[in-house]
Amino acid sequence: MRTLVPLLLALFAICLAQQQTLDEKVQNLADLTARQSIVKFNMDKWKNLVRMQPRNYSMIVMFTALSPGVNCPICKPAYDEFMIVANSHRYTSSESDRKKVFFGVVDYEDAPQIFQQMNLNTAPILYHFGAKLSAKKKPEQMDFQRQGFDADAIGRFVQDQTEVHIRVIRPPNYTAPVVIALFVSLLLGMLYVKRNSLDFLFNRTMWGFVCMAITFIFMSGQMWNHIRGPPFMITNPNTKEPSFIHGSTQFQLIAETYIVGILYALVAVGFICVNEAADQANGKDKRNQQKKANPLSSLFSIPANTQISPTMLPNFPALAIVGLVFICVFFSFLLSVFRSKYRGYPYSFLFS
Amino acid sequence: MITASRSSQLGATTLLTIVILALAWFVGFASRLFAIVRFESIIHEFDPWFNYRATHHMVQHGFYKFLNWFDERAWYPLGRIVGGTVYPGLMVTSGLIHWILDSLNFHVHIREVCVFLAPTFSGLTAIATYLLTKELWSPGAGLFAACFIAISPGYTSRSVAGSYDNEGIAIFALQFTYYLWVKSLKTGSIMWASLCALSYFYMVSAWGGYVFIINLIPLHALALIVMGRYSSRLFVSYTSFYCLATILSMQVPFVGFQPVRTSEHMPAFGVFGLLQIVALMHYARNRITRQQFMTLFVGGLTILGGLAVVVYFALVWGGYVAPFSGRFYSLWDTGYAKIHIPIIASVSEHQPTTWVSFFFDLHITAAVFPVGLWYCIKKVNDERVFIILYAVSAVYFAGVMVRLMLTLTPAVCVLAGIGFSYTFEKYLKDEETKERSSSQSTNTKDEKLYDKAAKNVKSRNAADGEETAVSGNVRTVISIILVIFLLMFVVHATYVTSNAYSHPSVVLQSSTSNGDRIIMDDFREAYHWLRENTADDARIMSWWDYGYQIAGMANRTTLVDNNTWNNSHIALVGKAMSSNESAAYEIMTELDVDYILVIFGGVIGYSGDDINKFLWMVRIAQGEHPKDIREENYFTASGEYSTGAGASETMLNCLMYKMSYYRFGETRVGYNQAGGFDRTRGYVIGKKDITLEYIEEAYTTENWLVRIYKRKKLPNRPTVKEATIPIKGKKAAQGKNKKGVIRTAKA
């Protein structure tokens with residue numbers, strides 16, 4: 001009996017220690033979030049601060065797996081966005097709001113028991129444990145699939161759940177300006193180095209290539225790719241056959257836009273070959289004048305043309321015919337790619 | 001003798017030019033008539049109905065009454081100041097044509113003028129394109145370009161008969177302004193620059209796209225300065241153009257002071273200032289020493305440039321100059337509209353362009369226009385810089401937004417015209433000169449190569465005569481194949497115009513299994529019913545897409561329409577549509593709604609109906625009323641959007657669902673299909689026994705396409721149930737909602 005009383009007392013004391021009062025809990029949380037904006041939970045803190053009443057505050061808890069051993073590619077970005085919200089909350093919300101909502105994170109590595117207790121197999125998951133939520137109830141979950149997990153969406157979720165408005169302040173992202181600044185300084189540096197011969201700025205061939213590249217890029221729908229972010233290609237789940245061309249006019253794959261861009265370019269090159277051939281033939285006929293090596297013909301043309309010796313004049317029909325073949329074949333290809341997407345289009349050329 | 005032959009040649013060329021342009025006009029006009037031949041002379045789609053209504057009003061009441069017109073039939077109860085919120089060029093143009101015809105005693109209804117306006121202007125566009133290309137390259141290229149633009153699907157899409165919209169005349173004004181600008185730059189004459197400003201004024205009065213011109217022309221001037229191509233011609237033409245154009249454009253009521261108060265117009269002003277400095281520089285260069293010159297201008301330029309930037313930001317900050325608008329940002333930052341302006345993002349015309357639509361609208365010209373661009377760059381001069389800049393910027397804009405394909409098409413046609421004419425000039429014209437010269441030339445060196453290339457093994461003795469023959473063959477083959485491509489373009493353009501761009505969308509067409517055409521005229525049936533059977537001041541609630549049509553065809557008051565200027569009003573209508581009956585009743589009472597109109601395609605399988613647009617209504621309503629409307633409540637448990645078996649309770653009880661599917665469960669669309677099978681969405685609906693408490697069915701058209709409901713008047717002792725919008729897992733109807741409830745009397 002004498003031994004029992006201190007034992008009971010000790011037990012009671014332990015219980016008391018665990019059963020913190022509400023004020024203590026809030027104070028505890030405030031202390032924890034004073035230095036960093038997120039509470040990292042282990043089993044003790046978890047039981048105490050989240051799962052045990054009384055509480056008058058909401059906990060927003062992210063369950064995640066950040067250790068590199070776990071294969072979770074979206075955990076890190078989701079955690080970063082979550083941190084942005086938590087930091088904004090810490091710095092911008094009013095005192096009373098900060099007493100109402102706390103942010104926490106449970107890492108699988110630190111506390112796998114909590115995951116088991118909550119019956120979780122996936123990560124990341126964001127839960128809201130409302131102030132009145134009793135121990136065994138299931139908390140509100142944020143639907144990452146539909147709402148996404150960027151900071152604004154999380155902020156909206158918090159506002160919906162707790163009516164605490166968090167002004168999300170994103171730390172400015174300096175990568176884009178830095179990259180642009182680097183690029184510009186590189187360009188200026190190059191210009192400075194070459195300041196004695198700025199002829200290349202007046203090089204029409206270069207400008208021609210730049211402009212044509214721009215037109216091909218946009219006409220092949222790269223802007224659409226940039227905005228919609230389609231997959232490069234898709235693999236048929238049944239036959240495992242990869243397909244480069246999507247069957248609908250409303251959608252496109254990255255692979256097919258490359259194909260189309262190249263086809264456009266080849267048709268244009270074919271046209272230019274045809275014209276160049278005529279130009280050279282005319283020049284030859286008229287004055288037999290010596291031509292400078294044409295940068296274009298040396299770039300695109302056929303073997304017969306590359307061995308032009310100063311005495312031998314460019315081969316007009318060969319270049320013209322090659323150009324013509326380019327136009328016909330590649331435009332037909334383009335047409336057939338188009339037909340494969342636009343069902344019921346009746347016209348084709350060379351290939352069906 | 002020589003002069004006579006030359007003048008006859010000139011006469012023949014002129015005659016040919018006129019004939020070709022006339023034919024281009026005729027073909028352009030004729031190919032745009034598919035819709036009229038198939039249906040009837042009718043205004044298409046949505047916006048044209050407003051334009052038609054406004055034109056009709058103007059013709060009836062006169063121009064000044066039109067400028068002061070306050071339309072109380074739109075945006076009830078707010079109304080709309082029409083005179084100050086439209087580009088009047090379109091209405092004035094057709095009013096003028098109507099007036100001319102009238103005074104010549106050709107009495108036609110204004111509707112016919114409106115229907116045929118766009119096809120008529122396509123011919124004028126072709127002529128303007130001819131003139132522009134002629135200035136840029138050659139008359140031959142001009143003829144090619146004119147023929148291209150006459151039938152190019154990218155332009156036809158906005159200018160078929162009945163599509164009575166601003167773009168129809170704006171593209172003509174655009175091309176003509178560019179022509180006059182190039183002309184004035186070439187001549188450096190004030191006259192051409194003034195004409196250019198006048199044409200620009202017409203463009204401003206016709207279409208909001210004038211901003212493209214007022215930025216492209218300064219860009220051209222800037223590029224010329226940077227390239228060191230400054231000339232007094234540029235100075236004269238730009239300064240006179242800018243001053244006149246700014247003053248003139250401010251005369252359009254809708255534009256008002258924008259040219260001096262918005263950032264979109266500031267680049268033009270900046271270039272104007274820069275041009276003065278450059279002119280001063282050129283003046284001073286010969287009069288002071290080099291040393292003085294450098295200090296003066298390097299120092300002066302830095303200070304002035306810095307000052308200009310500071311002043312600009314100060315003005316923006318002080319609110320004297322409006323910053324760039326959201327529409328402008330969305331062109332550069334492609335994610336902008338999606339986040340900040342959902343109502344812009346929701347319009348299908350504002351989506352980015354797939355490569356398919358590029359090819360669909362441009363066909364062979366898409367592949368050839370880079371060739372024209374290439375030669376313009378290779379043989380660059382002052383005015384070709386313009387078309388280069390135009391093409392490159394337009395191709396970017398067209399990539400960002402489907403709608404801006406319209407501004408790309410003229411540039412493509414001009415450059416493709418240049419590309420084709422360049423080739424044909426080489427391959428058709430030179431044949432005779434070659435034949436003449438071939439007798440003198442002795443190009444024996446080429447003989448071997450020719451034989452190989454033409455795969456034509458012949459004896460070497462005949463090589464000399466052979467050469468011209470073979471090369472002639474190659475020339476012929478190439479010419480013929482290019483002509484084949486051109487024919488393919490014509491066939492393609494006709495196919496596209498006929499199949500894709502000639503649907504009035506007011507009248508639907510489908511075909512039976514044995515190929516007969518069925519015309520479904522439900523829209524006009526419903527609007528006619530409204531016109532005949534409702535009070536003159538009845539208010540019709542519908543989604544904004546149909547506002548213009550209801551106003552135009554039924555002549556009744558609408559709450560929201562296609563001029564989506566008031567987002568919160570639209571959100572209110574969206575909220576009514578997505579609330580349950582009692583909550584919707586409250587909103588409708590507040591807005592004095594008498595009838596509600598919904599479009600329902602479930603019976604005939606029409607996919608553009610309100611159920612398919614419903615999510616946008618919910619989203620827009622949620623943007624303004626996040627407490628009451630939640631998008632996720634309208635999804636099934638698995639997160640899909642469905643009105644079928646798994647549909648959520650909120651969905652099944654919302655007004656839109658009830659109105660669309662009221663009594664639909666009793667119908668059978670096929671022999672072996674269950675009742676209530678929705679053909680558009682391909683499943684049986686979730687709830688068949690729908691009862692309506694506060695509204696009643698007033699009219700349903702033949703194919704159920706349009707359904708009209710009447711808001712019931714309350715009985716003497718009002719018994720509206722408590723207006724609640726249950727929100728999943730949340731305290732429903734807290735605070736704000738309860739306020740407006742009419743207390744339930746114990747019945």
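**Figure 1. In chain A, 32% of the 352 residues count as buried.** A residue is buried if 20 or more other C-beta atoms, placed from the backbone, lie within 10 Å of its own, exposed if 12 or fewer do, and partly exposed in between. The model is predicted: local features need pLDDT of at least 70 and side-chain atom pairs count only at pLDDT 80 or more, whereas totals for chains, interfaces and linings use all residues. Residues are numbered from 1 along each chain as its sequence is written, with chains lettered from A and ligands numbered from 1 in the order in which they are written. Chain A holds 15 helices and seven strands (DSSP runs numbered from the N terminus, helices being H or I of at least four residues and strands E of at least two). Of the contacts in chain A with a separation of 6 or more, 64% join residues 24 or more positions apart; two residues are in contact if their C-beta atoms, placed from the backbone, lie within 7 Å. In chain B, which has 32 helices and 11 strands, 45% of the 747 residues count as buried. The corresponding share of contacts between residues 24 or more positions apart in chain B, again for a separation of 6 or more, is 70%.

**Figure 2. Helix H4 of chain A comprises residues 75-92.** Its 18 residues should span 26 Å at 1.5 Å a residue, and the end C-alpha atoms are 25 Å apart, which agrees (the expected span is 1.5 Å times one less than the number of residues). Buried residues of H4(A) include A:Cys75, A:Ala78, A:Tyr79, A:Phe82, A:Val85, A:Ala86 and A:His89. Among the elements that cover the buried residues are strand E2 (58-64), helix H5 (95-100), strand E3 (101-107) and helix H8 (151-162) of chain A.

**Figure 3. Chain B meets chain A through 52 residues, in contact with 51 residues of chain A.** On the side of chain B, two or more residues each come from helices H19 (355-362), H20 (364-378), H21, H22 (405-438), H23 (447-454) and H24 (463-499). H20(B) gives the most, with 10 residues. By class, this side of chain B has 34 nonpolar, 11 polar and seven charged residues (Ala, Val, Leu, Ile, Met, Phe, Trp, Tyr, Cys and Pro count as nonpolar, Asp, Glu, Lys and Arg as charged, and the others, Gly among them, as polar).

**Figure 4. Helix H10 (residues 204-219) of chain A packs against H21(B), with axes that come within 9 Å and cross at roughly 25 degrees.** Axes are lines fitted to C-alpha atoms, for helices over the stretch in contact, and angles run from 0 to 180 degrees between N-to-C directions. The two helices are therefore roughly parallel to each other (angles under 35 degrees count as roughly parallel, over 145 as roughly antiparallel, 65 to 115 as roughly perpendicular and the rest as oblique). The crossing of H10(A) and H21(B) is left-handed, that is, the near helix is turned anticlockwise from the far one by less than a right angle, clockwise being right-handed. H10(A) contributes A:Cys211, A:Ile214, A:Thr215, A:Phe218 and A:Met219, and H21(B) contributes B:Ile388, B:Val392, B:Val395, B:Tyr396, B:Ala398 and B:Gly399. These residues divide into nine nonpolar, two polar and no charged.

**Figure 5. H21(B) also packs against helix H9 (residues 166-187) of chain B, at an angle of about 155 degrees and with the axes 9 Å apart.** That makes H9(B) roughly antiparallel to H21(B), and the crossing is right-handed. B:Val182, B:Leu185 and B:Lys186 in H9(B) meet B:Asp382, B:Glu383 and B:Phe386 in H21(B). This contact has three nonpolar, no polar and three charged residues. Elsewhere in H21(B) (residues 382-400) lies B:Phe397, which is partly exposed, with 19 other C-beta atoms within 10 Å.

**Figure 6. Helix H26 (residues 547-554) of chain B is mostly covered, with eight of its eight residues buried.** Its cover includes helix H3 (47-61), helix H25 (522-533) and strands E5 (539-541), E6 (557-558) and E7 (595-599) of chain B. B:Asn555 follows H26(B) and has a positive phi, near 55 degrees.

Figure 7. Most residues other than glycine have a negative phi, and most peptide bonds are trans. B:Trp75 has a positive phi, near 50 degrees, and is buried, with 21 other C-beta atoms within 10 Å. B:His363 counts as buried, with 29 C-beta neighbours inside 10 Å.
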